[in-house]
Amino acid sequence: MTPPDGIWLYWLPLGAGGHLVRFNGLVYEAVAARLERRAPQPLLHSALEVRLAGERWMVEMTPVWGNTGADRGVVVEGPVGARTLGRSRLFRYEVRRWRGGTIGDVSEAVGGARTLSADAGVARVLLGLVPLVPAVTWGRDELRTGEMWNSNSLVSWLLARSGHDLTAVRAPGRAPGWRAGMVVAARSAAGRSERS
């Protein structure tokens, strides 16, 4: 039986499967929580699974280093931390639209896969948008949204640009960067309206 068309969201614990990223995330969240005078929360990053016409794509942002597979669907690359650092593979990320691909830590997704759409047309639009995502510096606010750009920004940008209503989407923890993607997508929509 052919699997249904649709889009699924995964909330993944930051650093799942990697001790260094997890430790750095804990330190970052402890400092951020103290500065914002709130309790620390679990940090999450997001990824998407898209199924269309019997095929499956995984869409995510991940570091370039440590990835040895020849064809993992890379459609965009960008720098991490600072544009000048991005000359090194150690400080670059890649955005994947990986047909038949995997997400290494998907088994640790909080709450499992969340269905966002069962519409083939919306799935097709979202897949077409992936190569158009802004390749801005991960961890910085180059687009002046009030939040850093990261994997959550990618996912919220794709969902907002493909017509999803994100007001009901709630992370089961803290997802820094989520708002940044929504802000940039809204600016794109406003620009299209002004040109119409």
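A residue is called buried when its relative accessible area is under 20%, exposed when that area is over 50%, and partly exposed in between, judged with a 1.4 Å probe and with protein chains only. By that scale Glu49, which lies in strand 2, is buried, because its relative accessible area is 4%. This is a predicted model, in which local features need pLDDT of at least 70 and side-chain atom pairs count only at pLDDT 80 or more, while totals for chains, interfaces and linings use all residues. Residues are numbered from 1 along each chain as its sequence is written, and side-chain values use heavy atoms, with hydrogens and water left out.

The protein contains 4 helices and 6 strands, where helices (H or I, at least four residues) and strands (E, at least two) are DSSP runs numbered from the N terminus. Read from the N terminus on, the elements follow the order β-α-β-β-β-β-β-α-α-α. Of the 196 residues in the protein, 42% are buried. Among contacts (heavy atoms within 4.5 Å) between residues at least 6 apart in sequence, 76% join residues at least 24 apart.

Around Glu49, leaving aside residues up to four places away in sequence, the residues touched are Gly6, Ile7, Trp8, Tyr10, Arg56, Trp57 and Met58. The side chain of Glu49 also makes a polar contact with the side chain of Arg51, at 2.8 Å; such a contact is a pair of N or O atoms within 3.5 Å, and within protein one must be able to donate a hydrogen and the other to accept it, with residues adjacent in sequence counting only if both atoms are side-chain atoms.

Helix 2, residues 120-129, has Ala123, Leu126, Leu127 and Leu129 as buried residues. Seen down the axis of helix 2, these buried residues fall within an arc of 160 degrees, so they line one face of the helix; the arc is that of the directions from the helix axis to the C-beta atoms. The buried residues of helix 2 pack against strand 1 (6-13), strand 2 (44-52), strand 3 (55-63), strand 5 and helix 3 (151-161). At the start of helix 2, the backbone nitrogen of Gly121 has a side-chain oxygen of Asp119 within 2.7 Å.

Elsewhere, Leu85 lies in the loop between strand 4 (74-79) and strand 5 (92-99), and Leu85 is partly exposed, because its relative accessible area is 36%.
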